[in-house]
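This report goes through selected features of the structure shown below, one element at a time. Please keep the sequence and the structure at hand while reading.

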Amino acid sequence: MSLERFRTHLDPSTPLGPLVAEARSLTVRRFGLTMQLFAPLYLSNACVNTCTYCGFSRPNAIARRTLNEAELAREMDHVAAEGFRHILLVSGEDPRETSLAYLESAVRLAHGRFASVSIEVAPLDETGYRRMLKAGAEGVVVYQEAYDRRAYAAVHTSGPKKDYDARLKAPEIAARAGMRRLGIGALLGLAPWREEAMALATHALRLQKTAWQSTLTLSLPRLRPAAGGYVPEHPVSDEDLVRLVAALRLLLPDAGIVLSTREAAPLRDRLALAGVTMMSAGSRTEPGGYEEPQKAEGQFEISDDRSPAEVAARLRTLGLDPVWKDWDAALV
Ligand code: SF4
């Protein structure tokens, strides 16, 4: 499908019902009646960047915490006991608190407990990604947040994350280092969503050529309330989000589409049947939040507070098989 056709699908004049039905049928053909489940685990909310939309933004006077090895192990054991075999290690960007050596040891700890470990941390150079790979990570998530350069500059006002191009290049560098999974995304609400969708789609198509040996996942997080009180300038409605997920599925039949607990349960159920292939469940967005909730500030408020078991049960009633184990790793 061409990008121009994709643009047509984003337009409200294209009826949503048939679009979703087509996306659903394509998702079932490519991925089966499955939904992969994963859990994010926050290592630290220390951050040197000012990102005006984020609860961890440097100027926010919040309770900060970086987990030590024993705390990390407890959190990982908690998540593993819930059934997860796929974990995403997330961290704010602060090289003093979460150095390469720290991240490496967190990955190593996770590798001993989970079938699949991905990281969502500050962009690294190729050597850094190779170290993470060697420690046991196989996936890297780097959201561009805003593809619109002006919007990007307006919300990233200080710190290394101001460098738009360095962020944009990170997934390709991770792929060169050997990472098997790449996650990209746009934070919806920062810029007009249809233009962001076009840019995200263009980025994905490029990665499918330049990083063809890695599998690709796309995320479409919508801004949620967080410390700092940022109000999205370009809100995205539920209907828009459903349309975007369905349109992306039709453009990129083999890409995973990831959905977080930022969205409310009824909408998550709907999106599960519109093209999403991977979901987090029971998430906590504060470091230490699984074992010791509320000792530190979370990144944002979650909307779906169902337990992982409740999410899995609901998926079954929707006719989907929740997959806790990473299927690629299982095949390998
Ligand atoms: S979005 Fe990431 S880099 Fe920006 S303040 Fe939040 S944790 Fe730090």
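## Strand β1 and M35

M35 is a residue of strand β1. The model is a predicted one, and in it M35 counts as buried because 23 C-beta neighbours lie inside 10 Å, where the cut-off for a buried residue is 20 or more.

Leaving out residues up to four places away in sequence, M35 touches A272, T277, M279, L315, L320, P322 and V323. M35 and V258 are 223 residues apart in sequence, and their C-alpha atoms are 9.9 Å apart in space.

## Helix α2

Helix α2 covers residues 16-31, 16 residues in total. At 1.5 Å a residue it should span 22 Å, and this agrees with the 22 Å between its end C-alpha atoms. The buried residues in α2 are L19, V20, A23, T27 and F31. They lie on the same side of α2, because the arc they cover around the axis is only 90°. The face turned away from that buried side carries the exposed residues G17, P18, S25 and R29. After α2 comes G32, with a positive phi near 75°.

What packs over the buried side? The cover of the buried residues of α2 includes α1 (3-10), β1 (34-44) and α9 (238-251). L19, in helix α2, is buried, with 21 other C-beta atoms within 10 Å. Apart from neighbours within four places in sequence, L19 is in contact with H9, T14, R243, A246 and A247. By contrast, L19 and M132 are 113 residues apart along the chain, and 39 Å separates their C-alpha atoms.

## Helix α9

The 14 residues of α9 should span 20 Å at 1.5 Å a residue, and the end C-alpha atoms are 20 Å apart, in agreement. Ten of these 14 residues are buried, so α9 is largely enclosed by the rest of the structure. The buried residues are L241, V242, R243, L244, V245, A246, A247, L248, R249 and L251.

Which elements cover the buried residues of α9? They include α1, α2, α8 (193-210), β8 (215-219), β9 (256-259) and α10 (265-272).

In soluble globular proteins, nonpolar side chains tend to be buried together. Here the largest nonpolar core has 98 residues, and those with the most contacts inside it are L41, I87, L89, L218 and V245. The element that gives the most to this core is α9, with eight residues.

L218 is in contact with I184, G185, L200, A204, L248, A255, I257 and V258, once its neighbours within four places in sequence are left aside.

## Residues around the ligand

Which residues are around the ligand? They are C47, N49, C51, C54, F56, S57, G92, E93 and K161. Sorted by class, this shell has four nonpolar, three polar and two charged residues.

Most residues other than glycine have a negative phi, and most peptide bonds are trans. E145 has a positive phi, near 70°. This residue lies in the loop between β5 (139-141) and α6 (149-155). E145 counts as buried, because it has 24 C-beta neighbours inside 10 Å.

Q294 also has a positive phi, near 70°. Its place is the loop between β10 (278-280) and α11 (308-317). Is Q294 buried or exposed? With 11 C-beta neighbours inside 10 Å, Q294 counts as exposed.

R5 lies in helix α1 and is exposed, with 12 other C-beta atoms within 10 Å; a residue counts as exposed at 12 or fewer. R5 and L250 are 245 residues apart along the chain, while their C-alpha atoms are separated by 9.7 Å.

R150 is in helix α6. R150 is exposed, with 8 other C-beta atoms within 10 Å. R150 and A191 are 41 residues apart in sequence and 9.0 Å apart in space, taken from C-alpha to C-alpha.

Conventions: Residues numbered from 1 in each chain as written. Predicted model: local features only at pLDDT ≥ 70, side-chain atom pairs only at ≥ 80, totals over all residues. Near = placed C-beta within 6 Å. Nonpolar A, V, L, I, M, F, W, Y, C, P; charged D, E, K, R; others polar. Helix = DSSP H or I, 4+ residues; strand = E, 2+ residues; numbered from the N terminus. Expected span 1.5 Å × (residues − 1). Arc of directions from axis to C-beta. Contact = placed C-beta atoms within 7 Å. Core = buried A, V, L, I, M, F, W, Y, C linked by C-beta atoms within 7 Å.
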